Amino acid sequence: MQQTDHAQAMADRFRELVEEAGDSLSDNHYEELKLIIEAGLDAALIENMDDIAAQLNKLAAGIQKNAKFFDRK
């Protein structure tokens, strides 16, 4: 939901800039811009989550390795 709100704010700001320049676009264009921005934000978030997952997997492997060391009797 946060990405949607942020994408809307970015599209609204772009609309302001376009209108300040004396131009205009249809509402459909701004809606499409919002969707494009939201898709970009989602892609960046997924990429970041993939990086975090890889770090967690590496950490888990290290913990497991250390646990085996301390589990020796």
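1. Let's start with K34. This residue is buried, at a relative accessible area of 11%, where buried means under 20%, exposed means over 50%, and partly exposed is anything in between (1.4 Å probe, protein chains only). K34 sits in helix α2; helices here are DSSP runs of H or I with at least four residues, strands are runs of E with at least two, and both are numbered from the N terminus. Leaving aside residues up to four places away in sequence, K34 touches T4, A7, Q8 and A11, with contact meaning heavy atoms within 4.5 Å.

2. A quick word on what you're looking at. The model is predicted, so local features need pLDDT of at least 70 and side-chain atom pairs count only at pLDDT 80 or more, while totals for chains, interfaces and linings use all residues. Residues are numbered from 1 along each chain as its sequence is written, and side-chain values use heavy atoms, with hydrogens and water left out.

3. Now for the helix that holds K34. Helix α2 covers residues 27–70, which is 44 residues, and reaches 64 Å from its first C-alpha to its last, close to the 64 Å expected at 1.5 Å a residue. That expected span is 1.5 Å times one less than the number of residues. Y30, K34, I37 and E38 are buried in α2, and what covers the buried residues of this helix includes α1 (2–20). On spacing in general, an α-helix has 3.6 residues a turn, so residues three or four places apart point the same way.

4. How do α1 and α2 pack, and at what angle? The angle is about 135°, and their axes are 8 Å apart. Axes are lines fitted to C-alpha atoms, for helices over the stretch in contact, and angles run from 0 to 180 degrees between N-to-C directions. The two helices are therefore oblique to each other: under 35 degrees would be roughly parallel, over 145 roughly antiparallel, 65 to 115 roughly perpendicular, and the rest is oblique.

5. Here is who meets whom. On the α1 side you'll find Q3, T4, H6, A7, Q8, M10, A11, F14, R15 and V18, and they meet D27, Y30, L33, K34, I37, E38, L41, D42 and L45 in α2. By class, that contact has 10 nonpolar, 4 polar and 5 charged residues. Ala, Val, Leu, Ile, Met, Phe, Trp, Tyr, Cys and Pro count as nonpolar, Asp, Glu, Lys and Arg as charged, and the others, Gly among them, as polar.

6. Two alanines are worth a look. A43, in helix α2, is partly exposed at 45% relative accessibility. A9, in helix α1, is partly exposed too, at 42%. A43 and A9 are 34 residues apart in sequence and 18 Å apart in space, C-alpha to C-alpha.

7. Last, the link. L25 is in the loop between α1 and α2 and is partly exposed, at 41%. Residues up to four places away aside, L25 touches F14 and Y30.
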